[in-house]
Amino acid sequence: MDLAVFIQTCLNAVYASSYLALVAVGLVLIFGVMRVVNFAHGELYMAGAYALFWVFHQTGLPFFLGVAVAIAAVGALGLVMERALFRPMRNNPLGGLICSIGALLILQAGAVALFGVRKKSFAGPYNEAVSLFGVESLTISGQRLAVIAFAVALLGALWVFLKKSRFGWALRAVAQDPDAAALQGISIGRISMLAMALGAGLAGAAGALTATIVPTGPYMGHSVIIGAFIVIIVGGVGSLEGAVVASILYAFVSTFVTTIWDGVVADIAGLLLMLAVLVARPQGLFGRPERA
Amino acid sequence: MSFASMNRRNFLGATALAGAATVAGPHRARADDTVKIGFLAPLTGDVAAWGLPGLYGCEIWAEQKNAMGGVEIGGATYNVEIVSYDNEYLPDKARTGAQKLIAEDGVSFIEMLGGDTMPAVTPIANRAEMLVSTLLPSDLSPDTPFLVAPAEVHPIYNLTGVWWMAENMPDAKTAVICAQDDAIGRPSVATYLAAFEAHGVEVKDTIFFDISTTDFAPVMTAMLAHKPDILCLDTAYAEFVNELCKQAFVQGYGGQIVSCTADFYADIIANTSEEFMDGVIFQFPDFDDPALNDPRINFDDPNGFFQTYNERYPGQWGAVSWEYASILDLWLDGARKAGSIEPAAVLEGMKQGGKGAHAFGEADWWGEELFGIDNALVGDWPVVQIQNGKAVIVEFKNIPEWWSEHGGTMIEHFEEMGEMWYQRA
Amino acid sequence: MSGGGAVTYTVWAVLIALPLLAAWLTLDPGLGGARRRIWWAVLAAAGAAALIAAPRVATFSQQELLVFLAINALVVASYRLLALTGEFSLGHVVMMGVGAYATALFSKRLGVPVPVSMLLAAGVTGLVAFILAFPLFRMKGFYFLIGSFAAGEAIRLTWKRFQDPFGGPKGVSRIPGFPDMEVGPFELLFWEPVTYYYLALAVAAASIWVLWRIERSHIGLVFHAVHWQDQLAGAVGVNTWRARATALVVASAFAGLAGALLAHYLTTVNPNRFDVDEMVYVLIWVIVGGTATIWGPIVGLIALTAINEVVLRDAGVDELRPMFYGAVLILAMLFLPEGLETLPRRVAGWLGRGRPAG
């Protein structure tokens with residue numbers, strides 16, 4: 001691997017970690033607060049991608065409006081899922097999981113009915129290649145740079161919100177210990193809705209941002225959900241910082257292994273990485289040991 | 001109104017129409033009877049893109065035939081009914097579906113995608129002596145006497161693109177291949193390796209990627225590291241081709257590209273540039289191509305079919321859209337020659353004189369050397385090039401002619417990839 | 001209608017009703033010992049009659065469904081054994097695949113006679129599970145769920161990646177079928193769905209009986225103890241790791257046997273057939289059915305298969321079928337969160353409440 005290939009691979013990995021982090025942080029939020037394994041999280045990502053396809057590509061409105069619509073629409077979808085599915089299942093984690101699978105099937109079939117089974121490939125507004133550091137062989141598409149910038153901005157905003165606002169404080173309190181939080185007068189229901197809306201909105205944002213880069217199809221959620229689960233395990237369930245760091249770690253391992261060997265080996269490597277973390281440090285790199 | 005809801009309405013309309021045709025059929029038409037044709041392919045799940053658009057094509061085909069009063073076979077007139085069964089690309093569901101179509105629905109012919117689902121269906125089809133078609137000739141073996149691969153003998157026809165490049169672009173001397181790692185990609189790699197070798201092009205590397213890959217930047221980076229004259233995208237799903245082209249464009253590639261397919265090439269051009277995509281070689285013409293109006297083409301009104309399809313299912317057109325339908329044309333031709341809709345008789349009719357009415361002209365039943373059975377239909381295949389943003393058939397090349405000279409090379413590479421029929425696990 | 005109409009719907013209704021009644025009998029303590037035994041005897045006789053008669057009245061495609069139902073009954077019943085210890089795995093279908101691949105390779109490559117090969121395959125699957133127990137039982141709950149997925153998926157991708165001997169993405173085909181036999185005046189041809197159904201049914205019934213005996217034995221009590229009082233069980237000297245590992249090995253061996261049954265029927269195996277989508281279906285059957293009794297997962301399996309493969313296919317919804325199926329799952333969880341197995345008790349409750357009030 002010569003230097004140019006090495007740097008190009010690093011760029012690819014940075015891009016991969018950025019959208020993965022958006023998905024994984026949302027998943028961590030939902031799991032941390034609601035203790036529900038949301039299998040449909042990949043389909044929320046897919047819904048965001050189709051929202052952008054519709055607003056930006058079909059209706060011809062500006063790209064940023066498409067991203068905003070995707071965040072709002074998928075966030076709202078998350079709210080509906082919280083009220084209709086996860087809240088009645090609050091003390092039944094497996095029931096919540098089955099409900100999320102039901103939602104997954106409905107969302108996939110809905111996408112087929114609305115948009116057809118063939119995947120959509122369409123161009124974003126920043127399609128031209130950008131040379132980095134003035135080196136001609138070292139290029140990245142503007143679209144990918146935009147995803148990276150957006151992801152950093154959104155995650156930064158989320159971080160500020162969680163650390164500075166009262167809602168954010170309450171949300172973290174619930175994630176740490178729901179019973180203690182309830183005793184302090186925090187409404188678990190409202191915080192669950194907030195977590196679900198935020199988590200879904202982030203997945204929608206990731207879908208919208210990458211819709212012009214990866215093919216948008218009814219089953220696209222499949223590919224991100226596995227990576228996102230690996231990331232939240234490696235990072236530590238319940239740790240937002242861990243999810244971000246693990247996204248970067250996983251994306252680098254996966255991208256380099258794909259470049260050097262192939263994609264299947266990369267998948268196996270990712271899974272073994274997760275298993276190793278689970279065995280050696282079950283709470284993940286950044287998680288606190290769970291109380292039994 | 002939005003595109004999405006238009007599409008939805010069309011979809012509902014089409015469903016209602018298909019229903020109405022079935023109900024109204026016996027009263028309206030002169031047809032004496034109905035011939036049922038089974039469509040056993042994935043309609044849901046992530047392989048559905050290889051089945052569902054083909055079902056749409058078959059339904060349009062049947063509708064057009066029924067609108068003309070049905071099809072005449074052996075002095076009787078039949079309405080055509082397509083009976084679909086979603087096999088979800090799983091062997092157990094495919095076996096169940098085959099039983100239903102054969103024993104309960106009484107179909108006269110079954111169209112399948114093949115692949116993973118075929119080995120479970122073969123024993124059923126053999127016992128029932130049911131004629132079955134596949135889009136994947138690698139399903140053929142001496143154990144499959146009732147299975148034909150009549151639309152595209154994938155991946156053999158890919159050699160025509162390489163052949164044409166060798167004649168028209170003699171300066172391109174090195175190539176790199178990337179391929180999706182599955183039953184579609186692997187035999188195609190063997191074909192490209194053989195074709196490049198036969199025409200003196202050095203292949204620097206072959207890179208396989210998993211079909212769950214979404215980020216193609218690393219794949220392209222690895223390919224371009226070899227600085228090839230020719231970038232060969234092998235046979236890959238449409239969106240993969242699109243992503244690979246995007247990546248090649250972004251990473252500054254400027255050489256020749258050859259691919260089996262370039263579905264939605266207009267989108268690829270939008271993603272890259274007209275200049276970048278100019279000259280790309282692939283194997284699937286648009287059906288509004290004037291070259292297809294030649295009388296030797298055995299596809300009824302290709303331009304009209306293309307138009308109806310696109311009106312009804314905008315954005316869904318691809319190779320499978322016409323391939324399943326073109327197999328119906330071949331079936332009809334075989335049934336007419338046999339004067340019967342009995343599967344065994346139709347098979348005989350199809351293969352009369354060792355020739356068959358392929359969509360791209362009369363072709364030979366062939367395949368003994370590669371598949372152990374002469375149940376693949378090969379003849380002319382078009383080489384298609386993107387010129388000024390439009391796919392154009394530049395030449396029809398004759399596959400048997402190439403084979404008589406370079407067949408041995410092809411067999412060597414098939415053997416090396418473990419893709420010969422006797423090597424398959 | 002293509003499904004064969006009222007007759008087959010009746011068959012399905014009976015097949016769902018019988019395990020439901022069995023679940024009710026298991027759960028409901030309100031019946032006296034003698035009456036209860038009579039009920040059991042009646043149910044057992046009716047069940048045996050229905051299971052033996054079912055393929056005779058079913059249509060051809062539903063005979064196929066019955067074969068897969070018998071195989072899957074073994075999958076869900078074995079899955080429940082592990083669930084007894086409180087752990088839900090996402091690797092069970094891959095274990096089934098281990099059995100399927102093992103028997104495929106033994107019988108095809110090494111020429112091992114099929115019945116022997118199937119038993120060997122079950123043993124190999126148990127062995128693989130034993131090895132996996134070391135890393136996996138350092139985890140619990142959600143971590144075990146994800147860890148078992150990772151381990152299973154790594155195995156599955158290995159089949160996909162290595163052409164030799166696993167056949168890569170296409171898997172292994174032309175696996176020898178179960179050998180035909182002559183038993184007295186009968187010629188048993190195992191390619192026929194009805195014959196194979198009886199074979200699969202016999203294997204599944206015997207296996208489920210073994211599983212049921214295990215649950216009722218001392219080991220079964222330990223499983224329950226590990227589930228509900230993990231630390232306490234450890235404190236009183238129960239080796240919780242060994243209990244969990246035993247459950248995993250036994251459950252996996254039976255899943256491997258089910259996989260072997262599948263492999264010799266279809267004569268083909270491929271990695272796709274054992275992916276996480278298939279695993280999700282097993283999980284759905286088990287959870288929607290309920291895990292309190294051994295009948296719950298079986299009710300879930302039969303009821304949801306009937307809906308997905310018979311009712312929705314007859315309805316002709318084609319590509320929208322998953323949408324309806326998803327809605328059914330959600331409704332089932334919302335209205336019967338403890339599983340379909342609690343339905344008879346609920347119905348009895350409604351009737352009981354309805355009478356004095358009305």
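The centres of domain 1 and domain 2 of chain B, taken over C-alpha atoms, are separated by 30 Å. Domain 1 of chain B covers 3–130 + 298–359 and domain 2 covers 156–285 + 381–416, with bounds from an automatic or database domain assignment. The model is predicted: local features need pLDDT of at least 70, side-chain atom pairs count only at pLDDT 80 or more, and totals for chains, interfaces and linings use all residues. Residues are numbered from 1 along each chain as its sequence is written, while chains are lettered from A and ligands numbered from 1 in the order in which they are written.

The C-alpha trace of chain B spans about 65 × 55 × 40 Å along its principal axes. Of the 425 residues in chain B, 60% are buried (20 or more other C-beta atoms within 10 Å of the residue's own, with C-beta atoms placed from the backbone). Among contacts in chain B with a separation of 6 or more, 66% join residues 24 or more positions apart; two residues are in contact if their C-beta atoms, placed from the backbone, lie within 7 Å.

The contact between chains C and B involves 24 residues from chain C and 27 residues from chain B. On the side of chain C that touches chain B, 8 residues are nonpolar, 10 polar and 6 charged (Ala, Val, Leu, Ile, Met, Phe, Trp, Tyr, Cys and Pro count as nonpolar, Asp, Glu, Lys and Arg as charged, and the others, Gly among them, as polar).

In chain A, A:Ala24 is in contact with A:Ala228, A:Val231, A:Ile232, A:Ala243 and A:Ser247, leaving aside neighbours within four places in sequence.

Terms used. A residue is buried if 20 or more other C-beta atoms lie within 10 Å of its own, exposed if 12 or fewer, and partly exposed in between; C-beta atoms are placed from the backbone.
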